[in-house]
2 protein chains.
Amino acid sequence: MSSLKPCVDALYEGVDRVAEHIPGVPKCEVLLIRLLLLNGGALQRDVEDKLKPFDMNDSDFRTLMMLYSSADGTSTPGELCALAEQKPTNMTRITSMLAKRGLITRTHATHDRRQVVLKITADGRRFVRKLLPPMFPELVAKFSCFSDTERKTFERLLRKLALHLDPVAPSP
Amino acid sequence: MSSLKPCVDALYEGVDRVAEHIPGVPKCEVLLIRLLLLNGGALQRDVEDKLKPFDMNDSDFRTLMMLYSSADGTSTPGELCALAEQKPTNMTRITSMLAKRGLITRTHATHDRRQVVLKITADGRRFVRKLLPPMFPELVAKFSCFSDTERKTFERLLRKLALHLDPVAPSP
DNA sequence: GCCTGATACTTCACCAGCGAAATATCGTCC
DNA sequence: GGACGATATTTCGCTGGTGAAGTATCAGGC
C-alpha cells in the first residue's frame, strides 16, 4: 500500500521546520508519538488485512482471543471492555456478531442477573486454532529487523510506557 | 479513563496461556505488536481529547500541520494523503472542513487543472501557533518515564521499524 | 485533432465506534 | 419492604473513515 519512508522523512523535516518558528517544541517527544502512531497504524492495517478474509476486524478478533485465552473460556462484556479497551456500546455489537456466528454463547449470570456471561464455544476454539498459526510467519517478519536484544529492549520500553501512561490522576 | 495495567497483565497471561495450547506462538512478537497498539490507542485518545475543545481530531490536525510545516505552506490532496496516511475520500472531507473554517484555501493548479492546491492561511498559522504550545507539557510528561538514552533508543527502534515495515514487496 | 488509458479528486452509500439516554437488576438505607 | 442510587448492558442517533463508482483533466499514439 502506502509507503512509510516519505512519511518518516516528512516528519523529521516538518518537526525541524516547526521548531524554527515556534519556541519550546519538544522535538524528540513529537517524533516519538508520531512514529509510534505511524507504526501502529501500519501494523493495525496489516492485521486487519489478514483478518478480512474471515470477516473480522481487530476488535472482533481481540475480543474472541480474550475469551480463548481466559482461564475458563468465559468472561463478561464489562471485563472485556476493560481489557480490550472498548466501549460497552461496541462490545455489545461485537459479542452479538460473534454469538450469531456461533463462536461464543451469551447467557445471563445466575448470581447477578444484570451480568451477561460470554463463553467461547468449541467452534470458536477451532476457529482460533485455524486462524492463528498462518499469521505467525508474517508477524515474525514484521519484527525481523530487530536483533533479539532490540526486541527485548523494545518490549521493555513499550511496557514501561504503557504502565506510565496509565492514570494521569483524575480527581474523583 | 481506562487503566492500562490490567490490559498489560491480561496480555502477558493470555499469551502464555495461548502458547500452551497452540505450538509455535511467537510470544515476543505478539507482545510487541499488542503493546504497541495499546500505547498507540492510549496516546491517540489523549491527543484527540486535547484537540476536541478546538473541534478537531487528529487527522484534521495532522493535515493542517503538514501544511504548516511544509516549505511554502502549500501542498495537494494527493501529497497529503501519502504523507498523512489518509485515503483521498477522507482528505476531501478534511480539507473541505479546514477551508470552510478559513484555515486553508483551495485553488486549482494552473499547470495541471486536475490538481487542487491547498495553502494554509494566516488564520491557519495563527491557529497552529495558539494550539500547539499548550500541548507541549503534557506531551513531555507522557515520555517522562524514559531517560534521555531510552528516548533516543526508543526513537531509533521506532524509526527502524517504520522503515522496515514499509513495502513487503508488492509485485507490479 | 481525437481516442484511450492514466491520474487527481469528488460523490455516494455504507460500517465501525462513540456518547447519551434507556432498561434492568442489585445493594442498602430507612 | 420499598425507595434510591449504583452497576451492567443495550438501544439510538451521529460522526469519521472506507471502497467503489463518477467526473474532470492530462498525456501519448495514431
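Predicted model: local features only at pLDDT ≥ 70, side-chain atom pairs only at ≥ 80, totals over all residues.
**Two chains and an axis**

Start with chains A and B, and display the C-alpha traces. Chain A superposes on chain B by a rotation of 180° with 0.0 Å of shift along the axis, at an RMSD of 0.0 Å. This is the relation of a two-fold axis. To find where the axis passes, select A:Gly40: among the C-alpha atoms of chain A, that of A:Gly40 is nearest the axis, at 3.0 Å.

**The contact between the chains**

Next, select the residues of each chain that touch the other. The contact takes 61 residues from chain A and 61 residues from chain B. On the chain A side, the elements that each supply at least two residues are α1 (5–21), α2 (27–51), α3 (58–68), α4, α7 (136–142) and α8 (148–165). Colour α2(A) separately, as α2(A) gives the most to this side, with 16 residues. By residue class, the chain A side divides into 38 nonpolar, 11 polar and 12 charged. The copies meet through the same surface, because 100% of the interface residues of chain A are also interface residues in chain B.

**The nonpolar core**

Now hide the surface and look at the interior. In soluble globular proteins, nonpolar side chains tend to be buried together. Here the largest nonpolar core has 84 residues. Those that touch the most other members are A:Leu64, A:Leu158 and A:Ala162, together with B:Leu64, B:Leu158 and B:Ala162. Centre the view on A:Leu64. Setting aside neighbours within four places in sequence, A:Leu64 is in contact with A:Leu98, A:Leu103, A:Gly124 and A:Val128.

**DNA strand C**

Select DNA strand C and the protein residues around it. There are 18 such residues, of which A:Thr89, A:Arg113, B:Thr76, B:Gly78 and B:Pro88 come nearest. Two or more residues of this surface come from each of α5 (88–100) of chain A, α4 (77–84) of chain B and α5 (88–100) of chain B. Which element gives the most to the surface near DNA strand C? It is α5(B), with three residues. The surface near DNA strand C divides into three nonpolar, 10 polar and five charged residues.

**DNA strand D**

Of the 19 residues around DNA strand D, the nearest are A:Thr76, A:Gly78, A:Pro88, B:Thr89 and B:Arg113. The elements giving two or more residues are α4 (77–84) and α5 of chain A, and α5 of chain B. The largest share of the surface near DNA strand D is that of α5(A), four residues. By class, the residues near DNA strand D divide into three nonpolar, 11 polar and five charged.

**The loop between α4 and α5 of chain A**

Most residues other than glycine have a negative phi. A:Glu85, in the loop between α4 and α5 of chain A, has a positive phi of about 55° although it is not a glycine. A:Glu85 is partly exposed, with 18 other C-beta atoms within 10 Å. A:Lys87 has its place in the loop between α4 and α5 as well. Is A:Lys87 buried or exposed? A:Lys87 is exposed, because there are 9 other C-beta atoms within 10 Å, and the limit for an exposed residue is 12 or fewer. For a distance check, pick the C-alpha atoms of A:Lys87 and A:Pro77: 10 residues apart along the chain, they are separated by 9.6 Å.

**The sheet of chain B**

Three strands form an open antiparallel sheet in the order β1-β3-β2. At the edges stand β1 (74–75) and β2 (104–108), each with a single partner strand, so one side of each has no neighbour in the sheet. Five bridges join β2(B) to β3 (residues 116–120) of chain B.

**Two loops of chain B**

Between β2 and β3 of chain B, select B:Thr110 in the loop. B:Thr110 counts as exposed, with 8 C-beta neighbours inside 10 Å. The C-alpha atoms of B:Thr110 and B:Pro26 lie 54 Å apart in space, and the two residues are 84 apart in sequence.

End at B:Asp55, in the loop between α2 (27–51) and α3 (58–68) of chain B. B:Asp55 has a positive phi of about 55° and is not a glycine. B:Asp55 counts as exposed, with 9 C-beta neighbours inside 10 Å.

Methods:
Residues numbered from 1 in each chain as written. Chains lettered and ligands numbered in written order. Near = placed C-beta within 6 Å. Nonpolar A, V, L, I, M, F, W, Y, C, P; charged D, E, K, R; others polar. Core = buried A, V, L, I, M, F, W, Y, C linked by C-beta atoms within 7 Å. Buried ≥ 20, exposed ≤ 12 C-beta atoms within 10 Å, placed from the backbone. Contact = placed C-beta atoms within 7 Å. Least-squares fit on C-alpha atoms with pLDDT ≥ 70 in both. Pairing = 2+ DSSP bridges.
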